[in-house]
Amino acid sequence: MINRLKLLLLLVGVFGCSQAWAKDPAKPAHPQYISTSFAGGVALPAKVVPNGSKATGYAAWSLKYGIVSRGDRWQDYAFGRPYWGIGVYVPYFSKYYGQPFSVYFLQGARLAQLNSTVSLNYEVNFGVSFNWNHYNYYRRPNLLAIGSSVDVHLAGNIYFKWDLSRRWDIRSGLGFNHFSNGALRTPNHGLNALSGFVEVACKLGALDNEVPDRWPTEYPIFKRRWIHELSVQLATRTLKLDATESLQMDLRDKYPRKHFSVVGINYSPMFWFTRRFMIGPSLELVYDESAATIIRGGENAQTHLYEEQVKFAPMNKRFSAGLSVRGELVMPGYSVFANIGYDICTKNKRDNRLYQIYGMKVYLYRNLFAAIGVRSTNISQSKYLFLRVGCALNRHKKEKSN
């Protein structure tokens, strides 16, 4: 599982590093900054921890290094002067969760310039967190929020930025953080935190306030069009059984350790109607090895040790087909997407037919992309974390100047 999470972090880093290090010697250096932030808030309702209490208080500290777009292209202004970078995040929850920390990639941009010194901005983070205390059938049977010591860290911030001087600015707003392993190991209820934060940033090298406030000419005309995406996804998943089923099957734990393979094919015709947003239907065809599987607990005849015995369902019961509606927020080189859908054909009775998909897509080369995402039910109940590779036809179209 750790190797899979490292692969996810590396995949997201392909875009960030390529943007950060692709430097044209004929152009000025990218503005850069370092910052530190402090956050305080509340951990949203979590499952009971071993002493019967809940972790409600929450604090965090973060250190960031960022690179800001130069402002020498119209795209920089059309997308709000995007910035990207890396950070280290140290949250403080109840001691029962251990002493976790995360390493993450960050990306943000300006939403609105309110006056000459104040702007409204957003930032998203994607990383991997480490060093969690987690569920263990014998030692921590009631700690259901975190299922593994290594987990995915997702965050979103919206904040105001005040330029104090040519070198310094202060940022303050609200942040939401989510920690889970995407059901790579169960239980996986996840841990959420909502907080306010204050961040102080110091600009390095070239100063981004030396570039103009806006692009001097009008942007090229954007042509609305349909984008046809075809992709293949790979995943593994675990199961959570209800208490009755686990007792009937003589299982010690309702969270079996067995990992099952999941393979999918997706087709999405997307209507790209603004530079920043596209929407459309999506067809998801999925092969799920865990569908209708029977798992029994028992003693191994040779070793006399407890083991889980798996009986797979017939092949025709492992396939499903779902239809969904997908929205996608588009940025230069990557996008964030979300689906809500319904399985119109399935034999899998353990999973709710109504499902959600959300994730991030990175363009590797022109129309070729890779995506990281989670399929879930009831919004927060992750079923599996997937990797997706595909092609987006008709994505590139030359835009004409006014």
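1. Which residue lies over the face of F337? R326 does, at 5.4 Å from the ring centre. A charge counts as over a ring if NZ of Lys or CZ of Arg is within 6 Å of the ring centre and within 35 degrees of the ring normal. K258 is likewise placed over the face of F260, at 6.0 Å from the ring centre.

2. The model is predicted: local features need pLDDT of at least 70, side-chain atom pairs count only at pLDDT 80 or more, and totals for chains, interfaces and linings use all residues. Residues are numbered from 1 along each chain as its sequence is written, and side-chain values use heavy atoms, with hydrogens and water left out.

3. Aromatic pairs number 18. Rings of Phe, Tyr and Trp (its six-membered ring) pair if their centres lie within 6.5 Å; planes under 30 degrees apart are stacked, over 60 edge-to-face and the rest tilted. F273 and F277 make an edge-to-face pair, 5.7 Å centre to centre with 75 degrees between the planes. F273 is partly exposed at 27% relative accessibility, and F277 is partly exposed at 29% (buried means under 20% relative accessible area, exposed over 50%, partly exposed in between; 1.4 Å probe, protein chains only).

4. The pair Y363 and F369 is edge-to-face because the ring centres are 6.0 Å apart and the planes stand at 70 degrees. Y363 is buried at 14% relative accessibility, and F369 is buried at 1% relative accessible area.

5. A cluster linked by ring pairs comprises Y58, Y89, F93, Y97, W132 and F179.
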